[in-house]
Every structure is written in C-alpha cells, then in structure tokens.
Amino acid sequence: MHSLACPAAACSGDTVCMATITYKDLEVLFTRQQIAERVAEMGAQITRDLNGEKLVMVGVLKGAAPFLADLSRAVQVDATFDFVATSSYGKGQRSSGAVKLIKDLDEPIEGKNVLVVEDILDTGLTLSYLRKLFLQQRPKSLRIATLLDKPSRRLEKIEADYVGFSIPNLFVIGYGMDYAERYRNLPDICLMTPDHPE
Ligand code: IMP
C-alpha cells in the first residue's frame, strides 16, 4: 500500500480528491530506502571501475532523470552530464518497436569514458540503438547503468554493465518511470496493474 499526501493546496484531507484516489492501493516493489542503498552500491562500483578517470554520464530522458541525479552523487569522480531522448512507449504499456532520436548529445564523446544511464532495460531496442550510435563517435569506454532490468523481455542482445534490480515481466511506475507520462514523481517504485484506474 502506497500513499502520498494530496498535493492539492486547497485539499482539506477529509474530502474525496482525485490525487488520493490515484495513488492509493499501489503496491510498492522497491522502497526509496532500498533504491538508495542499491544506488550507493552501484556508485561505489562505478567509482572503483573508473580508477580516477573522468566520466560523462548520459541520461536517457525522461525516465532516467531521478536515477542519474542520485547515481551521480554516489559516483566519486570528476563527472559531467549530457542527455539524449528517444521515442518511447507513447501512452500505453506497449512499445511501438521503433526507436527514434528526439534529442542528441550536446557535446562530442570521442575519447571519453561514457556511462549511459537508463531507468529500465526492457526489450533492449533503445539501448542497442544508442550504443550503436555512440560507438560511432569512438568513446574511450562505453558502459551502461540501468536501475531495472527485465531480461525475459529482451528482443535485442544487450546487457547492462551495472544493474540495480533484475525483475520479471512487470510494468512499473515511479522514481522516474511513467505510465502515460504520469507517476514519475512517486518516490518508490510501484507496480502498475492492468486493472489500476487511470
Ligand atoms: P526498451 O527499448 O524496450 O528496452 O525500453 C526502454 C524504455 O521503455 C525504458 O526507458 C522505459 O521508458 C520504457 N519502459 C519499459 N518498461 C517499462 C515499465 O515497466 N514502466 C515504465 N516504462 C517502461
């Protein structure tokens, strides 16, 4: 059971309001505490692997934003940020299958250590596309960090170098992940069930 305080300024708390109806009854898969602990471990591992070298962290918008913000503070190296955006799931839980670049890197990555930061590795179509695109620029190293991994859904042969949690075929929301652009700001990762009211 997950509950958030009603964000409506005028809400007295004793009236029925859409915000509380929307958030109640969501099942939490990973709490904010579990996420924080795992992200700290991932940051420590990435720090060790970099051996004092600089890093460019490339976040895949929009879902990876909270993860990148937290992971970057757990990585103790000289790091810069860049962001890309690709076409995503649209408004439902199904992918169209096609990946399109909507926003490219701001800076060249040739000769740099690059860490692609993604919220969830699902079919692998997005990260396979991005990996191919980025390798064309000849970075010094290219690694992938994903908070969640759904290996059973893979269509492309790709693995992340750093995985927060491996999960079965579930649709999740929160901590950056959305359903039709909503729920990204939930602090915990929750399950989206097909019968959940939109
Ligand atoms: P892939 O290209 O199929 O690997 O999909 C990657 C993208 O799909 C992720 O960055 C998410 O934006 C989206 N996605 C996949 N599974 C989920 C989910 O369970 N919840 C929310 N978004 C998801």
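What is the order of the strands in the open sheet of three strands? In this predicted model, the order is 1-9-8, and the pairing is antiparallel. Select strand 1 (27–30) and strand 8: these two stand at the edges, each with a single partner strand, so one side of each has no neighbour in the sheet. Next, show strand 8 together with strand 9; the two run antiparallel and are joined by two bridges. To find one of the pairs, pick Ile-173, whose bridge partner in strand 9 is Cys-190.

Move on to the largest nonpolar core. It has 28 residues, and those touching the most other members are Leu-71, Leu-115, Leu-148 and Ile-189. Colour the elements that give two or more residues to this core: helix 2 (32–50), strand 2, helix 3 (65–74), strand 5, strand 6, strand 7 (162–166) and strand 9. Helix 2 supplies the largest share, five residues. Nonpolar side chains in soluble globular proteins tend to be buried together.

Centre the view on Leu-71. Apart from neighbours within four places in sequence, Leu-71 is in contact with Val-39, Met-42, Gly-43, Ile-46, Met-57, Leu-115, Val-117 and Ala-145. A second, separate core has 15 residues, among them Leu-105, Leu-127, Leu-130 and Ala-160.

Now select helix 4 (residues 125–135). Which of its residues are buried? They are Leu-125, Leu-127, Ser-128, Leu-130 and Phe-134. The cover over these buried residues includes strand 2 (55–61), strand 3 (79–86), strand 4, strand 5 (113–121) and strand 6 (141–149).

From there, go to Leu-101, in strand 4 (residues 101–103). Leu-101 counts as partly exposed because its relative accessibility is 25%, and buried requires under 20%. Beyond four places in sequence, Leu-101 touches Val-84, Ala-85, Thr-86, Tyr-129, Leu-130 and Leu-133. Draw a distance between the C-alpha atoms of Leu-101 and Ala-85: they are separated by 6.1 Å, with the two residues 16 apart along the chain.

The last stop is Arg-184. Where is Arg-184 placed? Look in the loop between strand 8 (172–173) and strand 9 (189–191). Show side chains here: Arg-184 and Glu-181 are joined by a polar contact of 3.0 Å. Leaving out residues up to four places away in sequence, Arg-184 touches Lys-62, Gly-63, Gly-174, Tyr-175, Gly-176, Met-177 and Asp-178.

Methods: Residues numbered from 1 in each chain as written. Predicted model: local features only at pLDDT ≥ 70, side-chain atom pairs only at ≥ 80, totals over all residues. Heavy atoms only, no water. Helix = DSSP H or I, 4+ residues; strand = E, 2+ residues; numbered from the N terminus. Polar contact = N/O pair within 3.5 Å; in protein donor to acceptor, adjacent residues only side chain to side chain. Contact = heavy atoms within 4.5 Å. Buried < 20%, exposed > 50% of the residue type's maximum accessible area, 1.4 Å probe, protein only. Core = buried A, V, L, I, M, F, W, Y, C linked by side-chain atoms within 4.5 Å. Pairing = 2+ DSSP bridges.
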